[in-house]
Amino acid sequence: MFNQLRGTLAPLPSDEVAAAHAAFGTSRMLPRLAYVDPAVYDWEQANIFSGWVCLGRGEKFAEAGTQTSVETGAGGVLLVRGDDGELRAFANVCRHRGHELVPCGVTTMKKNIVCPYHAWTYKLDGTLRNAPGGFRDVEDFDKTQFGLVELNVVEWHGWVFVDPSGESGPFEDHAAGLEQVVANYRPENLVTVASHSYTLETNWKVIVENYQECYHCPSIHPELCRVSPPQSGENLEPDGEWMGGWMDLEANAATMSLDGTSGGVAIEGLNDMELRTVMYVVAFPNLLISLHPDYVMTHTLRPISADKTFVECSWAFPREVAERPGFDPSYAVDFWDLTNRQDWAACESVQRGLTSPHAIPGPMAPEEDGVYQFVSRVARAYAGLGRADDARPSMKSEDVVPAEGAPAVDEATV
Ligand code: FES
Ligand SMILES: [Fe+2]
């Protein structure tokens, strides 16, 4: 996403933007206006949320005929599952006079895509089936010329990504290096059994920044600190448009839950390190993936305005557990719902603080290097610059090794 800039600079003071991508240790947070100014929000929609963005788990669109529309930085997108099982994305605009095909945010199930205005009807593959009325008498009217505009869409390990601008380049480049972090968990085989929606009174970046550090954990997450040491783990330095890092589980904890026990089973095929850690990944700009030994939690962010963000959080488990009669996912869901709400309260308070004209961008602590990775990359995008790969000494994703002394556990005990 940050690599498909369209050449316009964000409407922000250049000295404050430069301070945000200065070297780690000397840099400052993003300018206050980046969090509160609708003009910056509009710039981000056009320059960031018009590239590869995540639309959630593909399970939601599994059945043939499912049609759902979502707003992106490059207009409405209509996702359609075809009879052939293919998920396609189209611009959500009729080829007749531009009516939306499906209202934004609505999901429907039909054999065809029917425009509500004059009933032009398209097949699920986007080709025009029928234009009612006098069109059959119009000489040279060629239906093949009026199919829906198709957009790039990818289903990757169970998540759906779309590039509504068509200018973001190959998804493989966007997610370069992420495959090896995620692959062992095989999220595409997991089954979502719970999902929560939250509408937060905060800018989307405040949520990502909060997700990238545990400096705040001793202050606001007593339950989390009992099962995962807040200063454990390392951040990765990815090749693609993502970032992430892991944290250890406490010796007596099998997973993230209130008492550290798991109500499920370990995901098959994980290595010793994956069984003793939780990996936290931000797939830019709007997907947060939390990889646990026994479940995968997903946050999908959808900015609504400069100071409002819709967040969907879902939990997916191995099929054998998800389909077990009476399976209760609350050990994971309740833990993270509590933790989410602690985070949301902090994020909303940050947003209220940033409405003050006296808010001055502050420095980052040494353990906020993950925040720096995000902030500096956004700042470079604001300034029309590419990535600075030498910005911070860190580990390459291929160097991931088990934490020293991390105990190996029997999968059956998780
Ligand atoms: S605008 Fe869609 S049928 Fe007329
Ligand atoms: Fe937190």
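Which residue in strand 4 is the bridge partner of Arg-81? In this predicted model, the partner is Leu-87. The pair belongs to the contact between strand 3, residues 75-81, and strand 4. These two strands run antiparallel and are joined by 5 bridges.

Pro-103 is found in the loop that runs between strand 4 (87-91) and strand 5 (107-109). Pro-103 counts as exposed because 11 C-beta neighbours lie inside 10 Å, and the cut-off for exposure is 12 or fewer. The C-alpha atom of Pro-103 is separated by 9.4 Å from that of Leu-78. These two residues are 25 residues apart along the chain.

Strand 7 and strand 8 pair over 2 bridges, in the antiparallel sense. Within this pairing, Tyr-122 has Leu-128 of strand 8 as its bridge partner.

Ala-119 has a positive phi of about 70°, although it is not a glycine. Its position is the loop between strand 6 (113-114) and strand 7 (121-122). Ala-119 has 12 C-beta neighbours inside 10 Å and therefore counts as exposed. Asp-140 is exposed, since 5 other C-beta atoms lie within 10 Å.

The chain is assigned two domains. Domain 1 covers 14-49 + 177-399, and domain 2 covers 53-163. Their centres, taken over C-alpha atoms, are separated by 32 Å. At the boundary, 17 residues of domain 1 are in contact with 10 residues of domain 2. On the domain 1 side, the elements that give two or more residues are helix 3 (38-47), strand 16 (296-305) and strand 17 (308-317). By class, this side has 9 nonpolar, 6 polar and 2 charged residues.

Helix 6 spans residues 204-211. Of its 8 residues, 7 are buried, so the helix is largely enclosed by the rest of the structure. The buried residues are Trp-204, Lys-205, Val-206, Ile-207, Val-208, Glu-209 and Tyr-211. Burial here rests on a count of 20 or more other C-beta atoms within 10 Å.

One cis peptide bond is described here. The bond runs from Phe-284 to Pro-285, with omega near -5°. Pro-285 is placed in the loop between strand 14 (277-283) and strand 15 (287-291).

Note on methods:
Residues numbered from 1 in each chain as written. Chains lettered and ligands numbered in written order. Predicted model: local features only at pLDDT ≥ 70, side-chain atom pairs only at ≥ 80, totals over all residues. Helix = DSSP H or I, 4+ residues; strand = E, 2+ residues; numbered from the N terminus. Domains from an automatic or database assignment. Contact = placed C-beta atoms within 7 Å. Nonpolar A, V, L, I, M, F, W, Y, C, P; charged D, E, K, R; others polar. Pairing = 2+ DSSP bridges.
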